[in-house]
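Reader: Could you help me go through a structure? I would like to take it slowly.

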Amino acid sequence: MLIPLLLAWTPTPVPQEVPDLPDLYALKAFTLETGTGEVLKHAVLLVEGGKIITVGEDLVVERGIPVYELGPDQVIMPGLVNAYTRLGVTGTGQSGARPWQRASDELYPAASEYAKVREAGVTTLGHYPSGNGIPGRSVVVKPMGGSVAAMILKDDAYLKVIMSSSKSAKAALSGGFKNADAWIEKEAKNKAKWEKAKEKFDKEDDEEKKKKLDPGPYKPIDEDRKAASFMQLRDGSLKALISVRTAGDYLHLIDAIGEEEFSWDLRVVMTRDMNIYHVIDKVAKSGRRVVLEPEISLHPGTMRQRNLPAEFARAGTPLVLVPRTDSVSGHEAWRRHVGEIVASGLERSVAMRAITLEPAALLGVDDRVGSLEAGKDANFVILSGDPFEPGTQVDAVILEGELVSGEVNL
């Protein structure tokens, strides 16, 4: 019985290692999407030490530098940036206001999803913490690395806030600022009390009495983690991404913010039958970015289709698009789904920025990723054709100058 079993057995193929690229190299492509909205023809991209040295049209490459010439149909574009995901992390959050919590505490570098989304061309992820209310702070990672520290590009990228048309949701946001005010007032009284004691100590000439009056060094009151987070919103060291579902939620949000001034962007949860279109002009006037899925929705109570991403963009709103589903397959279909709303009216250059440069800017890492410009990380994807055509495949993915998926031939 051994012989038939042995004949039927097929050894598991050993995964082939992706060959290394040199430290310094150039790529030539007929088409290069910069991510800024500009499309270069007969482009040259020069990479050294994981950074983009230069990019432009019809550039001359110095002799001795390896040059990879792409096929006439191949296109280079920046690595995709998903600013809003839980992919690769599995923790469950709590309800309430816990703005000090960090998604970086949940990271698991060995998660298999990272390699799979890299193959789809995703090179930057913004992980948000799970939970309702104000669940905490996001972290920006590259989907590769042997340790948490090696993955992180930026911690505390934004504070996630979920707003609904309820008193409790409004109270969580407005109450956070009130809590900060209360802490500031308490700390001011504490310091004033110490300063008064110090003044009395300094005026005393009797050494024996002076010893008894010595207030010692100043000791601030214990930190209030919730108050500290809202003070960071005020001073600009932290921004917020606030999630709404309806026009009513947005109006409640504006009411809850009141006179407070801080940096925030808007996450609109796409549903098939939604009414957020009522406040599109208000959102556009605010100058906030809007994060939403590339989906066609229906006008409430009808079968009339609405391309809300295109409507927001036409109103002048900076757009950030995220996969329709927060799964590996959702990331794999991401470009195709964006292509569908481009075909339905979204401007192509806006769509390209919405999956590269705009999400990078929302995350505060646009100085490193999101576009193919000199000085930035060499994160890019080589495609078999137009990025938004349904049949286009990922031929290769380069992350910080290294080939992490596919192949590039000299």
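Reader: Leaving aside its neighbours within four places in sequence, which residues is Lys376 in contact with?

Author: Before the answer, please note that this is a predicted model, in which local features need pLDDT of at least 70, side-chain atom pairs count only at pLDDT 80 or more, and totals for chains, interfaces and linings use all residues. Residues are numbered from 1 along each chain as its sequence is written, and side-chain values use heavy atoms, with hydrogens and water left out. With those neighbours set aside, Lys376 is in contact (heavy atoms within 4.5 Å) with Gly50, Lys51, Ile52, Leu357, Asp366, Asp367, Arg368, Val369 and Ser371.

Reader: And is Lys376 buried or exposed?

Author: Lys376 counts as buried because its relative accessibility is 8%, where buried means under 20% relative accessible area, exposed over 50% and partly exposed in between, using a 1.4 Å probe and protein chains only.

Reader: What lies 2.7 Å from a polar atom of its side chain?

Author: That is the backbone oxygen of Asp366, 2.7 Å from a polar atom of the Lys376 side chain.

Reader: Switching topic, how many residues of strand S11 are buried?

Author: Five of the five residues in S11 (264-268) are buried, strands being DSSP runs of E with at least two residues, numbered from the N terminus. Trp264, Leu266 and Val268 lie on one side, with Asp265 and Arg267 on the other, and both faces are covered.

Reader: Why two sides?

Author: In a regular strand the side chains alternate between the two faces of the sheet.

Reader: Which residue stands opposite Leu266?

Author: Val290 in S12 stands opposite Leu266.

Conventions. A polar contact is a pair of N or O atoms within 3.5 Å; within protein, one must be able to donate a hydrogen and the other to accept it, and residues adjacent in sequence count only if both atoms are side-chain atoms. Helices (H or I, at least four residues) and strands (E, at least two) are DSSP runs, numbered from the N terminus. Two strands pair if DSSP finds at least two bridges between them.
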